[in-house]
Amino acid sequence: RLDRDKNVQAIISALPHTNTHVRLMISGAGKEDAALKNLAADLGVEKRIIWTGYADQQKMLDLYHGADCFIIMALYEVQSIVTLQALACGLPVIAAAAGALPELAHDGKNGFLVPPDNNKLLGEKMNFIATHQSVRRQMGDISRSISLIHHKPTALARLESLYRDTINNAI
């Protein structure tokens, strides 16, 4: 979803701070489509961005598998399904140090956390991921491990155990 709360403008604004070989693939549609494309043109980076538009589940899976990294700079994520999907696909993550994203993106382990308003630092982290293939692989493996903790049967079993412990301790 390309709406203001997703803060995609921060990612586009970081692109001028990256090496010229760094490219973005932006997926989704929303109220900010035109404004984001205008921003890219104003910054002179429009040729470095691939706009995929709306993506169904199969297309999203293909996009994740075609990417080197997943970036999300949303300010108010509570449970970020798209980030969990990216982790499950084994991608390193660069995320805003905001909302619940630090629960999924562990700085220096499976990616990086960046203040949502620091475009220069975001660009530096994008450069790092783009130029360190072995680190990308290691971080991607850790991402995959983190995603398994959130796998529905595992999470439900943990929740059920918590309820049982709470009931048993109350008796």
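How many nonpolar, polar and charged residues does the lining of the second largest pocket have, by class? The lining has seven nonpolar, three polar and three charged residues. Ala, Val, Leu, Ile, Met, Phe, Trp, Tyr, Cys and Pro count as nonpolar, Asp, Glu, Lys and Arg as charged, and the others, Gly among them, as polar.

## The model

This is a predicted model, in which local features need pLDDT of at least 70 and side-chain atom pairs count only at pLDDT 80 or more, while totals for chains, interfaces and linings use all residues. Residues are numbered from 1 along each chain as its sequence is written, and side-chain values use heavy atoms, with hydrogens and water left out.

## The largest pocket

The largest pocket has a volume of about 1,100 Å³. A pocket here is an open set of points on a 1 Å grid over the protein atoms alone, where a 1.4 Å probe fits, with protein on both sides within 12 Å along at least five of seven lines. Lining residues have an atom within 4 Å of a point. The volume is the space filled by probe spheres set on the points, which are joined across faces, edges and corners.

The lining holds 40 residues. Nearest the centre lie Met25, Ile26, Ser27, Phe70 and Ile71. Several elements each supply at least two lining residues, among them β1 (24-27), α3 (57-65) and α5 (119-131). Helices (H or I, at least four residues) and strands (E, at least two) are DSSP runs, numbered from the N terminus. By class, the lining has 27 nonpolar, seven polar and six charged residues.

## The second largest pocket

The second largest pocket has a volume of about 300 Å³. Its lining has 13 residues. Gln79, Leu84, Leu104, His150 and Ala155 are the closest to its centre. Helix α7 (residues 152-170) gives the most to this lining, with three residues.

## Aspartate 3

Aspartate 3 is found in the segment before α1 (8-14). Aspartate 3 has a relative accessible area of 14%, so it is buried (under 20%, with a 1.4 Å probe and protein chains only; exposed is over 50%, partly exposed in between).

Its side chain makes a polar contact with the side chain of arginine 1 (3.1 Å). Such a contact is a pair of N or O atoms within 3.5 Å; within protein, one must be able to donate a hydrogen and the other to accept it, and residues adjacent in sequence count only if both atoms are side-chain atoms. Leaving aside neighbours within four places in sequence, aspartate 3 is in contact (heavy atoms within 4.5 Å) with Gly30, Lys31 and Glu32.

## Alanine 29

Alanine 29 lies in the loop between β1 and α2 (33-43). With a relative accessible area of 39%, alanine 29 is partly exposed. Not counting residues up to four places away in sequence, alanine 29 touches Arg1, Leu2 and Tyr54.
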